[in-house]
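Let's take a walk through the aromatic rings of this protein. Have a look at the sequence and the model first.

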Amino acid sequence: MKKILFAIVAFLVGFTVYAQSDVNRMLIVDKNGYFKAFNLENVDYASFANVSGEVKAEVTISDIALDKIVMSVTRTAACQGFKLVCVPTVQIATLSDQGLAQYIDNDNDYTYYQNFTDGELTGMQLEPRTEYTIATVGIDEYNVLCDICRVDFTTPSVPVTGSPYVEVSLEEVTQTTATVMFTPNDDAYQYSYVLGEKGQIAQQYEFFAPFYGYKNIGEMVEAWGVAHTDEDVHTWKDLVPGAEYEIYIQTRDTQGIMPEHQIYTFKTESLGGEGVAIVDVKLGAYKKMDWGGEMLPSQFVTYTPNDQASCYRMGVYLAEIYDAEAEAIKEELCTNCPEGVTGTSWYYFEPITTDYQINPNTEFVVIAAAKNINGEWGPITEVRHTTPATANMPAKQTSTIGKRTAPKKVTQQGMLPAVNPSQTATLKVK
């Protein structure tokens, strides 16, 4: 009977269960991957029910202060109770309704079972000029998390003392470096700055805020950035040639209040020319090298872009894989850096020599292509070769080509993440 019961329930939730003697648990799994498990020894029977209408707790906000939100909550007829949260909007922006329901449920243990008129949400200190969300999840008579209701709002500004501002001047810029001077005015008690490729700081904020607890982008600038009270000169290295960069500057007044952040933009000097960009590919030695403590055969390759190249990309493939997907591989090679990806992780700029772990007597293909200063891709350089059947090579065979992991660059000052604590809130009824 228990096996039959388990099979019926599993079938109804979309699984196939095979008869097996050791089945003694029943699992109900939701779309988020969360599950509820039951010991079949304790299961009496399974049944199904119907709840009509939305199970929702509607929210309206009547007043907003930094330490208190006055709000009303009205439940639908099928809503027996609800849970709520008040969080910076960015921290839940990527959650689906199901994910948000689980987030609300995990965030607090208290369930409200009545409507509220002009209830006060207290117990937190909200940041000024910051987007927040009050979200509720309705709970039905079976204690099931149901519909989401959310209201977004922006907290009021706090008067800033004076006009805090930092004068920014580009002292020197090359293809890969930038030296910048920061001069605060008398109203700026302190300031922080952080650098990123154009658009990346805003993207990083949206991505990291849920993990690090940032409530606004100014907090992230202060956490990652370089902090000063006086004039400062800073040099960044290893920048992308011909790329646009943004410096976010966050000041504070003498009372510690944040005004709106500043953004200063500049562009590094371009590399290459307007002619045809080409990458020369030369094969080097084939010899044993250390791969994670094991001596394996390595094929050395040198890539040299010409003077018209602003950047380039390359790849090495087993011939059988390359020949089957040559056009798709070539198309991917000549792909511009996707949004949100750093140029230094997508392109190469200088000549390099590296090695690849390739078995003896193996045919492989090396390809490379470069863009000129106008962003035009040049012809693809293709070199096909078979490694020699060298004696005394290990018998180990692999189905892929081993590639060296690029050495990690030391994170520069002004690009360092940090964690901010989160806050909780409670609802008090007047």
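Is Phe208 buried, partly exposed or exposed? Phe208 counts as partly exposed, because its relative accessibility is 21%, where buried means under 20% relative accessible area, exposed means over 50% and partly exposed lies in between (1.4 Å probe, protein chains only).

A word on the ground rules. This is a predicted model, in which local features need pLDDT of at least 70 and side-chain atom pairs count only at pLDDT 80 or more, while totals for chains, interfaces and linings use all residues. Residues are numbered from 1 along each chain as its sequence is written, and side-chain values use heavy atoms, leaving out hydrogens and water.

Now to the rings. Rings of Phe, Tyr and Trp (its six-membered ring) pair if their centres lie within 6.5 Å; planes under 30 degrees apart are stacked, over 60 edge-to-face, and the rest tilted. By this rule there are 19 aromatic pairs. One of them is stacked: Phe82 and Tyr112, at 5.3 Å centre to centre with 25° between the planes. This pair links distant parts of the chain, 30 residues apart. Phe82 is buried at 0% relative accessible area, and Tyr112 also counts as buried, at 10%.

Ring pairs join both to Phe211, Tyr212, Tyr214 and Trp224 in a cluster.

Finally, look for charges over rings (NZ of Lys or CZ of Arg within 6 Å of the ring centre and within 35 degrees of the ring normal). Arg313 lies over the face of Trp346, 3.9 Å from the ring centre, and the charged end of Lys403 sits over the ring of Tyr317, 5.7 Å from its centre.

Methods:
Helix = DSSP H or I, 4+ residues; strand = E, 2+ residues; numbered from the N terminus.
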